[in-house]
Amino acid sequence: YGRWRIGLLPAARVRFKDKVLNAFLGVGLVTVLAIGIVGQEVVEEETVGAEREGLRRHLEQIEQILALRAQTGELPYRVLARTDIDSLSAVIGADVNVYKGPSLVATTRPQLVRDRLISDRMPIGAYEAVFLKGQRTAFVQENIGSFVYRAGYHALLDERGEPHFVVSIPTLPEQERIEEERTRTTAYLFGALLLLLLVVMSTAAIVADALARPVGRLRVGLEAVAKGQFEQKIPVVTRDEVGDLVRTFNEMQEQLAESRRELAQHERQLAWREMARQVAH
């Protein structure tokens, strides 16, 4: 951009090597950008999937604990009614919220509710999934201001198969660790992409130099021919089309040199004949 601002771009003359480097740079940047976008999406999906799997495991663990504490034929929701959720939270190692209908009836973080950082109403997405669509488990995204976290909801059914309690586990305490892991993974991804770009450009420099070297030799050879110098041959170092071109140029140079020798010899013969004619006269 700076070169363009001071009038150096577009350049009056562009080297062949620079064209090759620019082509590799363009392809490398497009490739790295595409891989970066796809990789970022994959990291995001993997993070969300890991969060959901952790929430699902905790929710299943809660129902298993309630089932173990239940008496014969007793459903888990009745056990939850007499269970201290703080002790339940300590067993599974996560915060627990309990809803009856759309209302929050118990939580291990009452201070957040009193400070109105967490609503005492079930999020509409979770309510729709559990009560309207009949899903046993739902995962929704919630936020406190600009801080985003996820929560899993699991319905405990009554004798009629209707949700009596809905147990919720938020990732709020672990969200900072989750974000750090995602940031670290993203940093590794773009670090690897930067390394890939450096490898591409290093390879491009080697390839461009290998391609430009015989072209430069051809240019020097053509300049020598233009000056009438036919003795210097260009070494053939490749077996591809460029090598064929160099070989053809050398053959053309030999033919020009031979033609020049024949012409000089013919001129000498004409000169001797003219001299002999004048002497005889």
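User: Hello! What should I know before I start reading?

Analyst: Welcome! This is a predicted model, in which local features need pLDDT of at least 70 and side-chain atom pairs count only at pLDDT 80 or more, while totals for chains, interfaces and linings use all residues. Residues are numbered from 1 along each chain as its sequence is written, and side-chain values use heavy atoms, with hydrogens and water left out.

User: At what angle do the axes of H2 and H4 cross?

Analyst: First the idea: helices (H or I, at least four residues) and strands (E, at least two) are DSSP runs numbered from the N terminus. Axes are lines fitted to C-alpha atoms, for helices over the stretch in contact, with angles from 0 to 180 degrees between N-to-C directions. Here, H2 (residues 16–69) and H4 (residues 85–92) have axes that come within 10 Å and cross at roughly 120°.

User: Which word describes how H2 and H4 lie to each other?

Analyst: Angles under 35 degrees are called roughly parallel, over 145 roughly antiparallel, 65 to 115 roughly perpendicular, and the rest oblique. H2 and H4 are therefore oblique to each other.

User: Which residues of H2 meet H4?

Analyst: Contact means heavy atoms within 4.5 Å. From H2 come His58, Gln61, Ile62, Ile65 and Arg69, and they meet Leu88, Val91 and Ile92 in H4. Sorted by class, this contact has five nonpolar, two polar and one charged residues. In that sorting, Ala, Val, Leu, Ile, Met, Phe, Trp, Tyr, Cys and Pro are nonpolar, Asp, Glu, Lys and Arg are charged, and the others, Gly among them, are polar.

User: Is Gln61 buried, partly exposed or exposed?

Analyst: Buried means under 20% relative accessible area, exposed over 50%, and partly exposed in between (1.4 Å probe, protein chains only). Gln61 has 26% relative accessibility, so this residue counts as partly exposed. Leaving aside residues up to four places away in sequence, Gln61 touches Val91 and Ile92.

User: How many residues are in the largest nonpolar core?

Analyst: In soluble globular proteins, nonpolar side chains tend to be buried together. A nonpolar core is a set of buried Ala, Val, Leu, Ile, Met, Phe, Trp, Tyr and Cys residues joined through side-chain atoms within 4.5 Å. The largest one in this model has 19 residues, of which Ile62, Leu80, Ile92, Leu156, Val167 and Ile169 touch the most other members. Two or more residues each come from H2, helix H3 (76–81), H4 and strand S5 (163–170). H2 gives the most to this core, with five residues. Apart from this core lies another, of twelve residues, among them Leu104, Val140, Tyr153 and Ala155.

User: Is Ile85 buried or exposed?

Analyst: Ile85 lies in helix H4 and is buried, with a relative accessible area of 9%. Not counting residues up to four places away in sequence, Ile85 touches Leu80, Val96, Val98, Ala106, Thr107 and Thr108. Ile85 and Thr107 are 22 residues apart in sequence, with 7.3 Å from C-alpha to C-alpha.

User: What is the phi of Arg116?

Analyst: Arg116 has a positive phi of about 60°, although this residue is not a glycine. You can find Arg116 in the loop between helix H5 (110–114) and helix H6 (124–132). With 78% relative accessibility, Arg116 counts as exposed.
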